[in-house]
Amino acid sequence: MSEPDVLLEITDLDVFYGDFQALFGVSMSVARGCATALVGANGAGKTTLLRTIAGAQAPSSGFVRYGGSDITAAPPHRRIARGIALVPEGRKLFPSLTVEENIQVGAAAAASPQWPLQRIYDTFPMIARRRRQRASTLSGGEQQAVAIARALAAGPSLLLLDEISLGLAPVVVEGLYETLSGLRSAGATLVLVEQDLRRAMDACDNLVCLLEGRVALAAAVADVTRDQVVAAYFGEGRS
């Protein structure tokens, strides 16, 4: 039985793409109000794990519990309504829609009204100025801000972020992480996929390292060194 402060609990997940197994017995938990970094090399299973939490990928075995309830078989729209929102790798915006229309897509199945448009624009002034522009005309950083804003519009209790800094200029990444810091201060629960170990460890309370679809390390950031994380990342010391 889950502890009261555990928002997300994953137990023994196996996930396949056809005959290829991407996750092997993955277990982890995410405490309410905490930020968890999900790290690992390309192909380690990070995106697959986020997609499985969001309901876009079905596990062959294992369980996903959210707020103490089993949601393993729940479809994605039910999970959104329960408060789980995914910011996918590559943003996946609707290029022909305006900024505001893309954000309103997220609000269509909102779990709560805690992120109305004005609050979103106050949080992301860079896109407030672009609200009538088509998403296809925005810079990479602006598109990423819209992707996060669309997820926030769903009123999530759990925000899943997949490689939000990928391909962006350092100054843009700094701005996005400042926004995430503000979300954390407001009590948001985050699971963040990030290739930059320093940034991941600076931004999060806990860390889970995947190696070839398995959990190689799970710990509080304060309890591990960067060298220990790097060793887990590359599988050093495995028999």
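## Strand pairing

Eight bridges join strand β1, residues 6-17, to β2, and the two strands run antiparallel. Within this pair, glutamate 9 stands opposite serine 29 of β2. The model is a predicted one.

## The sheet

β1 and β2 belong to an open sheet of four strands. The strand order is β2-β1-β4-β5, and the pairing is antiparallel. The edges are held by β2 (20-31) and β5 (69-70). Each of these has a single partner strand, so one side of each is left without a neighbour in the sheet.

Strands of a sheet pair through backbone hydrogen bonds, either parallel or antiparallel.

## A helix across the sheet

Helix α1 covers residues 46-54. It lies across β1 and β2. Its direction makes an angle of about 115 degrees with β1.

## The α6 and α7 pair

Two packed helices are described by the angle between their axes and the distance between the axes. Helix α6 spans residues 140-153, and helix α7 spans residues 170-185. Their axes come within 10 Å and cross at roughly 15 degrees. Angles under 35 degrees count as roughly parallel, so α6 is roughly parallel to α7. The crossing of α6 and α7 is right-handed.

On the α6 side, the contact is made by Gly141, Gln144, Ala145, Ile148 and Leu152. On the α7 side, Val172, Leu176 and Leu183 take part. What classes of residue make up the contact of α6 with α7? Six are nonpolar and two are polar, with no charged residues.

Key
Residues are numbered from 1 along each chain as its sequence is written. This is a predicted model: local features need pLDDT of at least 70, side-chain atom pairs count only at pLDDT 80 or more; totals for chains, interfaces and linings use all residues. Side-chain values use heavy atoms; hydrogens and water are left out. Two strands pair if DSSP finds at least two bridges between them. Contact means heavy atoms within 4.5 Å. Axes are lines fitted to C-alpha atoms, for helices over the stretch in contact, and angles run from 0 to 180 degrees between N-to-C directions. Angles under 35 degrees count as roughly parallel, over 145 as roughly antiparallel, 65 to 115 as roughly perpendicular and the rest as oblique. A crossing is left-handed if the near helix is turned anticlockwise from the far one by less than a right angle, and right-handed if clockwise. Ala, Val, Leu, Ile, Met, Phe, Trp, Tyr, Cys and Pro count as nonpolar, Asp, Glu, Lys and Arg as charged, and the others, Gly among them, as polar.
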